[in-house]
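Could you take me around this model, one selection at a time? Here is a short tour to follow in your viewer.

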Amino acid sequence: MITEGILLNLLIGMGTLIGLWFIYLWKRNPAVVDLGWAIGLTLMGLMHNLNGVRFFAGTFLISLMVLFWGTRLGGYLFWTRIRLGKRDARYESLHRNPKISAPLYFLIHYLIQGCFQTTVGFVFIFTAQITTFGSIWPKLGFLLWGIGYVGSIAADTQLHRFRKNPDNRGKVCQVGLWNYSRHPNYFFEILLWFGFALIGLSSRLGWLGLISPITLLLTMSLITGPISERQSLKTKPDAYRKYQKTTSMIIPWFKRTKKTSTISDS
């Protein structure tokens, strides 16, 4: 069961990322890979949860949650970035080896992301086994998922509104949730996936589903977050350095010292 589930995830993840690689060749914008997380993981969740021999209301509900998550994240990324053809400095700075062509480099990069995606989607192997929500774990899982989902929407909305205001050019967003965390969107995303893991915890070997949110936590705190922050330090070094010193990286917490709502580079 687990082996088949991993192979299914790998097939979906690689297929999605290779498809997006062809779109990258067309648009020459490597940031389209971000859509792969929403598309690939949504397909994984739906395939696992709706592929059973018998129909259960629980797996249908979980599938709706997966669909809501994927539609929300994918729609936000497409509408605010891909649709406008915005170039992501994180990806633009990745290709530094002149011996490897950019298309080949990003194909490798996309396939590596497909492997990460396969690991994050691992949790759906266990949520698909849940037929009742009688124990405490699914209830806690639904609660965490709901907090994560609403928090992700709030964090993305606050950042989008901040960036749209021309008066905020050169400033670091410290509005709302961004006043307590440098990456509140990451925090709520991790919380949401811990919710999925708890929902599947009471299934056979369900504790293995915790691998998914832990992988996401390590990826965001050790890879994605630092890459993003290096770019911020290049564009607004003084302001972002102050932001780093006063604000928690992922877990929302009170500031170390009292600052104004925005810090800017002069």
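A salt bridge here is a side-chain nitrogen of Lys or Arg within 4 Å of a carboxyl oxygen of Asp or Glu. Keep that in mind for later stops. This is a predicted model, where local features need pLDDT of at least 70 and side-chain atom pairs count only at pLDDT 80 or more, while totals for chains, interfaces and linings use all residues. Residues are numbered from 1 along each chain as its sequence is written, and side-chain values use heavy atoms, with hydrogens and water left out.

**Colour by confidence**

Start with pLDDT, the predictor's confidence in each residue, from 0 to 100. The chain has a mean of 89, and 91% of its residues reach 70 or more. Helices (H or I, at least four residues) and strands (E, at least two) are DSSP runs, numbered from the N terminus. Confidence is highest in helix H8 (residues 184-199), at a mean of 97, and lowest in strand S2 (residues 262-264), at 52. Where pLDDT is low, the predicted coordinates should not be read in detail.

**Select the salt bridges**

The whole structure holds 3 salt bridges. Show Glu-229 and Arg-182 first: their closest N and O atoms are 2.7 Å apart. This pair links distant parts of the chain, with Glu-229 in helix H9 (residues 211-235) and Arg-182 in the loop between strand S1 (171-173) and H8, 47 residues apart. Both Glu-229 and Arg-182 are buried; buried means under 20% relative accessible area, exposed over 50%, and partly exposed in between (1.4 Å probe, protein chains only).

Next, pick Arg-72 and Asp-156, a salt bridge with its closest N and O atoms 2.6 Å apart. Here helix H3 (residues 57-82) supplies Arg-72 and helix H7 (residues 136-164) supplies Asp-156, 84 residues apart. Arg-72 and Asp-156 are both buried.

Then move to Arg-241 and Asp-238, whose closest N and O atoms are 3.6 Å apart. They sit 3 residues apart in helix H10 (residues 237-246), so about one helical turn separates them. Arg-241 is partly exposed at 38% relative accessibility, and Asp-238 is partly exposed at 48%.

**Follow H9**

Where does H9 bend? Look at Met-220, where the bend is about 45°, taken as the angle between axes fitted to the seven residues ending there and the seven starting there. Buried residues in H9 include Pro-213, Leu-216, Met-220 and Gly-225.

**Look into the cores**

A nonpolar core is a set of buried Ala, Val, Leu, Ile, Met, Phe, Trp, Tyr and Cys residues joined through side-chain atoms within 4.5 Å. The largest has 39 residues, and Leu-41, Tyr-110, Phe-124, Leu-192, Trp-193 and Phe-196 have the most contacts inside it. H3 gives the largest share of this core, 8 residues.

Centre on Phe-196: setting aside neighbours within four places in sequence, its contacts (heavy atoms within 4.5 Å) are Ile-62, Met-65, Val-66, Val-123, Phe-124, Thr-127 and Trp-145. Apart from this core lies another, of 9 residues, among them Phe-162, Trp-178, Ala-239 and Tyr-243.

**Last stop**

Finish at Thr-59 in helix H3, which is buried with a relative accessible area of 5%. Beyond its neighbours within four places in sequence, Thr-59 contacts Asn-49, Leu-50, Thr-127, Ala-128 and Ile-130.
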